[in-house]
2 protein chains.
Amino acid sequence: VRVRVLLAGVCSTDLEIVKGYMGFTGVLGHEFVGVALEGRHAGRRVVGEINCVCGGCDLCRAGLPTHCRRRTVLGILGRDGAMAERLVLPEANLHPIPDAVTDRQAVFAEPLAAAIQIGRQVHLAPGQKVIVLGDGRLGQLVAQVLAAWKLAPLVVGKSEAKLALLASLGIATARAADARAAKDADVVVECTGTAAGLGAALEFVRPRGTVVLKSTVADTAGLNLAPIVIDEITVVGSRCGPMAEAVAMLARAEVRTEPLITAEYPLQRAPEAIKAAALPDSIKVLIRP
Amino acid sequence: VRVRVLLAGVCSTDLEIVKGYMGFTGVLGHEFVGVALEGRHAGRRVVGEINCVCGGCDLCRAGLPTHCRRRTVLGILGRDGAMAERLVLPEANLHPIPDAVTDRQAVFAEPLAAAIQIGRQVHLAPGQKVIVLGDGRLGQLVAQVLAAWKLAPLVVGKSEAKLALLASLGIATARAADARAAKDADVVVECTGTAAGLGAALEFVRPRGTVVLKSTVADTAGLNLAPIVIDEITVVGSRCGPMAEAVAMLARAEVRTEPLITAEYPLQRAPEAIKAAALPDSIKVLIRP
């Protein structure tokens with residue numbers, strides 16, 4: 001199904017791809033809201049699952065379609081992405097957007113789903129000590145989702161402005177320079193986007209605790225993984241999540257997205273938008289075709 | 001309680017400590033069988049839990065005594081070890097050995113417990129595809145434990161002699177050079193003792209599968225951890241295990257230890273024994289005071 005893109009978002013993965021990650025060539029972008037131009041959702045606003053799957057491989061048949069062995073991934077693997085006027089996705093990948101959800105909210109559905117995925121993979125319960133490492137694009141959404149789930153997360157970050165934004169939403173924060181790593185967190189969600197993030201997470205998590213790893217970084221030079229064994233840590237890698245639940249959270253206004261938008265660029269200035277997204281004070285940069 | 005050491009075993013951790021791991025100085029050795037010289041078990045043969053704990057910290061009170069924040073660890077952390085005529089452990093750490101279990105069996109209780117620990121941390125069920133990476137000291141025991149649990153493991157290793165030994169016990173084996181990593185194992189137990197082990201495990205494990213990490217190695221240069229996130233892998237660090245269950249498995253003769261013993265050295269030749277344990281064809285080297 002062809003989709004006319006209304007808005008696309010710039011993600012840290014895009015910045016990694018620009019540096020060579022995944023060896024992808026083609027149109028970037030996997031966060032979008034658009035209008036379906038044909039099929040069942042024709043004329044309606046939609047967001048889309050980014051994994052395009054075969055339905056027939058062992059993993060699809062095992063109920064793990066996001067891990068399809070023959071998948072293409074929008075703007076990441078073998079399929080042109082959303083930083084364009086049009087994109088193409090299978091009809092089954094599209095989720096319609098309720099009228100009450102604006103375009104600038106809906107464009108967050110994909111990263112919000114990735115935040116929600118944490119709760120699908122790790123047992124979380126109120127009363128646990130949960131730390132989010134990283135106050136950036138994903139850390140902001142993860143913290144809001146955890147707060148919506150009444151988990152009272154503590155966000156450890158480096159940007160005063162980004163931590164202040166979280167504090168304004170009633171979320172506890174600490175500057176990385178001040179946070180005392182005491183190996184006492186039940187769950188640490190690593191959203192730093194850096195290779196050092198896992199190492200830091202292992203300093204915050206308690207023995208037999210869980211680290212949720214969200215950053216896809218290839219370089220691990222200098223990382224000491226011995227604490228995983230010594231402290232018997234469980235490290236859970238976490239990627240894409242349930243889009244329908246993300247749309248529902250947006251519709252219930254459980255997540256505040258507007259304060260996360262740093263800037264909006266027209267498509268012609270997309271390279272500039274990507275540069276802007278890489279700046280330290282930037283959170284979410286949008287591109288409008 | 002003072003214990004007269006009858007036999008001590010050389011473990012890969014000892015070899016790492018000799019290289020500087022843990023910054024330990026003192027008497028090496030945490031695998032032993034001995035005779036308690038006093039207390040409740042006086043005159044009886046015993047093996048011992050290596051973690052000496054405070055009983056009062058948050059982790060002891062949370063039921064995680066092996067992670068005690070104030071622990072000493074026999075021959076590893078703040079406490080002289082078993083490569084000596086005598087060692088000292090709290091009475092509560094000692095487990096008596098049934099008469100039917102020989103000294104040369106009992107000395108395997110500690111590493112065998114570490115193998116059993118896998119089943120305490122990860123859900124294992126017959127029918128799963130389970131791969132053990134590494135045919136060394138720990139890999140041999142892990143494979144035998146998994147086989148005793150009817151899990152039909154495949155051991156991937158580098159030593160023809162060690163793989164042949166496993167094959168003689170009815171365990172499936174493959175040479176690392178021949179094993180096709182197809183990302184299709186439900187569980188991979190990493191017992192290579194090398195920094196590269198985790199990277200290899202990530203090539204064998206299926207998406208959403210589990211890697212049990214047993215090797216405590218500090219150097220991770222060149223390791224690509226992105227597959228943990230992309231394939232949403234769970235990595236579980238695993239260390240010490242239940243000694244009583246290990247003694248019970250030895251008493252039931254569910255594990256063959258005799259073929260694993262490469263050599264026995266007198267205590268005076270302990271440095272030689274440690275060198276011998278580091279040789280490629282060596283499995284378990286014992287030291288007799």
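This is a predicted model: local features need pLDDT of at least 70, side-chain atom pairs count only at pLDDT 80 or more; totals for chains, interfaces and linings use all residues.
Axes, for helices, are lines fitted to C-alpha atoms over the stretch in contact, and the angles between them run from 0 to 180 degrees between N-to-C directions. In chain B, the axes of helix 4 (residues 109-121) and helix 9 (residues 243-251) come within 8 Å and cross at roughly 110 degrees. Helix 4 of chain B is therefore roughly perpendicular to helix 9 of chain B, since angles of 65 to 115 degrees count as such. On the helix 4 side, the contact is made by Ala109(B), Glu110(B), Leu112(B), Ala113(B), Ile116(B) and Arg120(B). Helix 9 of chain B brings in Met243(B), Glu245(B), Ala246(B), Val247(B), Met249(B) and Leu250(B). Sorted by class, this contact has nine nonpolar, no polar and three charged residues.

Chain A has its own version of this crossing. There, the axes of helix 4 (residues 109-121) and helix 9 (residues 243-251) come within 8 Å and cross at roughly 110 degrees, so helix 4 of chain A and helix 9 of chain A are roughly perpendicular to each other. Among the residues that make the contact are Leu112(A) and Ile116(A) of helix 4 of chain A, along with Val247(A) and Leu250(A) of helix 9 of chain A. Nine nonpolar, no polar and three charged residues take part in it.

How do the two chains relate to each other? Two copies of a chain are related by a rotation about an axis and a shift along it. Here, a rotation of 180 degrees with 0.0 Å of shift along its axis superposes chain B on chain A, with an RMSD of 0.0 Å. The two copies are thus related as by a two-fold rotation axis. As for where they meet, 100% of the interface residues of chain B are also interface residues in chain A, so the copies meet through the same surface.

Gly237(B) is found in strand 14 (residues 234-237) of chain B and, with a relative accessible area of 0%, is buried. Leaving aside neighbours within four places in sequence, Gly237(B) is in contact with Ile228(A), Val229(A), Glu232(A) and Ile233(A), as well as with Gln121(B) and Leu213(B). The C-alpha atoms of Gly237(B) and Glu190(B) are separated by 9.7 Å, and the two residues lie 47 residues apart along the chain.

Gly56(A) sits in the loop between strand 4 and helix 2 (58-61) of chain A, and at 33% relative accessibility Gly56(A) counts as partly exposed. Apart from neighbours within four places in sequence, Gly56(A) is in contact with Arg61(A) and Arg70(A).

Strand 4 of chain A also belongs to a sheet. Three strands of chain A form this open sheet in the order 4-5-6, with mixed pairing. Strand 4 (51-52) and strand 6 (78-79) of chain A are the edge strands, each pairing on one side only. Strand 5 (residues 72-74) and strand 6 of chain A pair in the parallel sense over two bridges, with Val73(A) bridged to Gly78(A).

Strand 1 (residues 2-9) of chain B pairs with strand 16 of chain B in the antiparallel sense over two bridges, and Ala8(B) stands opposite Ile287(B). Strand 15 (residues 261-266) of chain B runs parallel to strand 16 of chain B and is joined to it by five bridges; here Ala263(B) stands opposite Val285(B).

Terms used. Residues are numbered from 1 along each chain as its sequence is written. Chains are lettered from A and ligands numbered from 1 in the order in which they are written. Side-chain values use heavy atoms; hydrogens and water are left out. Two strands pair if DSSP finds at least two bridges between them. Helices (H or I, at least four residues) and strands (E, at least two) are DSSP runs, numbered from the N terminus. Copies are superposed by least squares on the C-alpha atoms of residues with pLDDT of at least 70 in both. Contact means heavy atoms within 4.5 Å. Angles under 35 degrees count as roughly parallel, over 145 as roughly antiparallel, 65 to 115 as roughly perpendicular and the rest as oblique. Ala, Val, Leu, Ile, Met, Phe, Trp, Tyr, Cys and Pro count as nonpolar, Asp, Glu, Lys and Arg as charged, and the others, Gly among them, as polar. Buried means under 20% relative accessible area, exposed over 50%, partly exposed in between (1.4 Å probe, protein chains only).
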